[in-house]
Amino acid sequence: MVENFSEWFHDILEQANITDSRYPIKGMAIWMPYGFKIRKYMLERIKELLDKDHEEVLFPLLVPESELAKEGEHVKGFEEEVYWVTKGGKNDLNEKLALRPTSETAIYPMYALWIRSHIDLPIKYYQVVNTFRYETKHTRPLIRVREITTFKEAHTAHATKGESDEQIQDFIEIYKEFLDSFGIPYMISKRPSWDTFPGADYTMAFDTIMPDGKTLQIGTIHNLGQTFAKTFDITFEDKDGEHKYIYQTCAGLSDRVVASIIGIHGDEKGLRLPPLVSPNQVTIIPILFKKGKEEVMAKCLEIKEDLENAGLRVNIDDRDIRPGKKFFDWELKGTPLKLEIGPRDLENNITIAMRRDEGEKIELTLDDNLVDNVKDLLDKSYENLKKSAWDFQKEHVKFTEDINEIAELIEAGNVVAFNWCGDDECGKEIEEKTGYDILGIHEDAEEGAKCILSGDDAKYLALIAKTY
Ligand SMILES: Nc1ncnc2c1ncn2[C@@H]1O[C@H](COS(=O)(=O)NC(=O)[C@@H](N)CS)[C@@H](O)[C@H]1O
Ligand SMILES: [Mg+2]
């Protein structure tokens, strides 16, 4: 695909007007108009899926130190990353306030207030906010930022373990459907204990593979058990009058989803956007000469209106520049479908359609099948982007039984699958020996499989990769 992916990625963000990282604070950037629209359509989709049985809320940005510090594991996990507010105007605040790195410690004291009886359960709230993490590792736009501008966090509260386990499965299905909407491939694994969300019983992670073979964690779902319930004393009176702790889950995703759409579907000419998030699903490019200019423009406006009436987002590039530059710009910006119309096309009553995912030119008649033909081309474009992305991922997950092969397979741009006994010490030694990160448990091992390092019976098929 592209030689230096990281360079391609940074360049395209600026050239395609996605974000501008020149903001004078490291790890913080501006969403520019074109990128802002992609982000908007991405968020509309996750809300559409969550709103089926969650409700959107909005909590304050600031969290009192006393609350943030309550859950030992959690605060240990975040204490290096928290930004603090210590003054109001000229006055020192009597308590430091944290900018939320994530909102468990903002939300759960309120859950303790709101939940009294089993009839108050389940609670299924989510919010889309900016969160702040003083990332010390190399920051990268959209991928590792210090202001996570597009942080969707869902937090659920349940009366029973069974219900919270079910919620984990629901979130997994929601994330699958969500990522499928953009044709983003994913690998789901249960993170090893040492890479579990601070305070969670376990973490289910969605990782995708970027063109450089490195994996990007694009979503996580945490089973919080009763740890936070005990820390924040969130109890309810159940049917038989007993007071019990609730069971909790939470699920997060971020700007990284946009990063994966850009990185995975892009090519050397620029973005290739899945229709669902593309600011323009159809770009009409009129070929304007002195002669016949008015007729061509009139026809373009008519087609735009027909397509918009069918629910599509359409733009006409009527700038007074040569057509070649127009094609170049919209290939860079990744519009899924371009319609070219010149005076001769008018005479023949056709338009030349061009899909961005593959450059073939298709003649479409300007009749009342046009809308359906356009929609059909958009669907084919989406299916093709999705298939090629999944094919790429499948081709870049390699199984091995030889621990000495792992590093070279990963350096060749792959994720490696291997049999693991599941013992933490053994797992940490595998990371030590290979220099790479275990993503987690992907599925159960086959009967008789042996652990790649210890040689003991393998319990799991695990994944290891070079990660962002
Ligand atoms: N610095 C960062 N920049 C961009 N995205 C990030 C960053 N840190 C985390 N994320 C994304 O945010 C997701 C959720 O973050 S998390 O720590 O795993 N989980 C939580 O914070 C839970 N409270 C989710 S409700 C991660 O899966 C990852 O995709
Ligand atoms: Mg982190």
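Student: Where is Asn17?
Tutor: Helices (H or I, at least four residues) and strands (E, at least two) are DSSP runs, numbered from the N terminus. Phi of Asn17 is near 60°, a positive value in a residue other than glycine. Asn17 sits in the loop between α1 (5-15) and β1 (19-20).

Student: What should I know about the model itself?
Tutor: It's a predicted model, where local features need pLDDT of at least 70, side-chain atom pairs count only at pLDDT 80 or more, and totals for chains, interfaces and linings use all residues. Residues are numbered from 1 along each chain as its sequence is written, chains are lettered from A and ligands numbered from 1 in the order in which they are written, and side-chain values use heavy atoms, with hydrogens and water left out.

Student: What is the relative accessible area of Asn349?
Tutor: Asn349 has a positive phi of about 55° although it is not a glycine. Buried means under 20% relative accessible area, exposed over 50%, and partly exposed in between (1.4 Å probe, protein chains only). Asn349 is partly exposed, and its value is 31%.

Student: Which side chain of opposite charge is nearest to Arg272?
Tutor: Lys and Arg count as positive and Asp and Glu as negative; His and the chain ends are not counted. A salt bridge takes a side-chain nitrogen of Lys or Arg within 4 Å of a carboxyl oxygen of Asp or Glu. Arg272 is buried yet has no salt bridge. The nearest side chain of opposite charge, 4.1 Å away, is Asp267.
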